[in-house]
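Have the sequence and the structure open as you read.

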Amino acid sequence: MADITNVDGLRSSARRPKFDWSLVIFGLLAAILVGLVVYPMSRLFIESVSDPETGGFTLGNFVAVASRSRYLIAYWHTIQLALATVVMSVAMALPMAWVVSRTDIPGRSIFYFGTLGAFIMPPFLGAIGWILLAGPNAGWINQIWTSLTGLEAPLVNIFSLWGLAFVIALNVFPLIFIFATSALDLISSEMEEAAAIHGAGPMRTTWIITLPLALPAILGAIMLVFLETIALYGTPALIAIPARFNVATTQLTTFFEYPAKIELAMAFSVPLVLITVVMLGGQRLLLRGGHVAVSGKGGARTAMRVGRWKWLFLAHGIAVTLLAVVLPAGILVSTSFQVAWAKAPTLSNLTLDNYYAILFEQATVREAMFNTVVFALTSATACTVLGFLTAYVVIRKLIPYSPALAFLAVAPVAVPGIVLAICFYAAFAGPPFSLYGSSMIIILAFITRFLPIAFVSCASGIRSLNPELEEAVRIHGGSRLRALSEVVAPVLKKSLLGIWILVFVICSRELSTAMFLTSHQNRVISILTLDMSEQGDYETLAAMGVVLLVVTSTVVAIGMRSLGRDFMLRRN
């Protein structure tokens, strides 16, 4: 009888559900998101309506911003800059996207190389390259122009609003290329063939049929370019400030001159955030209601024959590649081996001392390069893990209010990087955290800034998996974490590697988010670039930039070998 009782007791204990500790981990995940996203972003709105003397509620900060013509002019310059950048980016990217997706033009690999190279090239290094090329006094283009014509007046001057827009467009046009090619790839060529039968040529067919079908995606990409431009700091700091005009991001730095005016900085930032929210909402509506599906396969496509036009479009793609990648990278490599960059690269002017200096002599540069790599490695790893876990919780609805986690994970995309840096400065720089000058504050800012990339990409992959695989693990006694680590993660390992590489590359070139959070102890290459450019030490700066390009290009090459040539140019 006692044996029967013991057996019944064992059976009842076996039937008793085990507590799933993975739910505790997922709960901690929600708390981490609140700390990384809600707390610093709430400081933006709290500080913007706080009186700097009493701490009470006030709208005086917004009144002060609206009543100063200097601040309003910075806003106006920003809008002008964004519009000019959009026009130039469309002119660069749209013909390339159409050629790659719809035509039989040879040499299309050049277009991919130009787009990928422009993405890898950090904006601040591209700006430095074009300062060396098109500076009004010593730029190489103007030197050659003067030697050929004898004219002292410069042919080009990069230190202008149009010059700034041109340099930014060379860096952001891949956004339009990616969105446009994704949309154009989904369009069947049947209607184009029908137009050709009725006598329409390639250009007319493209204008009246192909482009209208892809227009929602193109407009969505244009909005992203606009937002990227108004949020960019590094390139305007290198070009706009010497040209003696401010845009919104460079104006923000003036609020941190002694004595710091954090409240005014926050109030000045709020319109930038509101513009970003509105345009991101508009972009989402466009892509949701567009004529081209954003998933599934398009109909049959036949490459369009463009005849003699192919040479014009091929020349256009080569020109964009030269302007965006070859010329700035070439001048950086050339300068890195020179004693004096403005002199001719003769044997007497060639040296390896610049590389020896940054690798063995200048501790500041060596520490900045080390910090850049370590911060990028740590941030990319943490961002990928956090995005993966958050996406799993949201897609599988493991905890109550999981859609709120999705909102928190994508919310940082609505905050420009330099504004996020101000939020983290206000939230974590002082007591009780006192993280200013530490590595942790920059890593946390990077994780928050790029979490939306990891979350959206991981969510797309997890959504495509049938949950039956995970349920099988659960039926056999495994926990959620075991199912996640032994089933979901191995299936998505290539996607996770691609996300990690993408975030690593972006972190290694990020400047805006590091602003206001760095000191002499935790400087990264992007911040050190601004300091060295002010000193005119372009030779050492170029050597440092070449090393950074070699590191990021190596990481991207590994990704291309493992994941495919175009893994960084796919739109998820």
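**Rings, a crossing and a serine**

Phe424 and Phe428 are both buried, where buried means under 20% relative accessible area, exposed over 50% and partly exposed in between, with a 1.4 Å probe and protein chains only. Before going further, please keep in mind that this is a predicted model, in which local features need pLDDT of at least 70, side-chain atom pairs count only at pLDDT 80 or more, and totals for chains, interfaces and linings use all residues. Residues are numbered from 1 along each chain as its sequence is written, and side-chain values use heavy atoms, with hydrogens and water left out.

Where do Phe424 and Phe428 lie? Both sit in helix H18 (residues 417–429), four residues apart, about one turn of the helix. Helices here are DSSP runs (H or I, at least four residues), numbered from the N terminus. Tyr39, Phe424, Phe428 and Phe433 form one aromatic cluster.

In total, the structure has 19 aromatic pairs. Rings of Phe, Tyr and Trp (its six-membered ring) pair if their centres lie within 6.5 Å; planes under 30 degrees apart count as stacked, over 60 as edge-to-face and the rest as tilted. Take Tyr71 and Phe255: their ring centres are 5.2 Å apart and their planes stand at 55°, so this pair is tilted. It links distant parts of the chain, with Tyr71 in helix H4 (residues 69–102) and Phe255 in the loop between helix H12 (248–254) and helix H13 (262–288), 184 residues apart. Tyr71 is buried, with a relative accessible area of 7%, and Phe255 counts as buried at 1% relative accessibility.

H15 (residues 353–361) and H24 (residues 538–563) meet at an angle of about 70°, with their axes 9 Å apart. Axes are lines fitted to C-alpha atoms, for helices over the stretch in contact, and angles run from 0 to 180 degrees between N-to-C directions. H15 is therefore roughly perpendicular to H24, a label for angles of 65 to 115 degrees (under 35 is roughly parallel, over 145 roughly antiparallel and the rest oblique). On the H15 side, Asn354, Tyr355 and Ile358 make the contact, and on the H24 side Glu539, Thr540, Ala543, Met544, Val546 and Val547; contact means heavy atoms within 4.5 Å.

Finally, look at Ser526 in helix H23 (residues 525–535). Ser526 counts as buried at 1% relative accessibility. Leaving aside neighbours within four places in sequence, Ser526 is in contact with Phe124, Arg509, Glu510 and Leu511.

Notes: Helix = DSSP H or I, 4+ residues; strand = E, 2+ residues; numbered from the N terminus.
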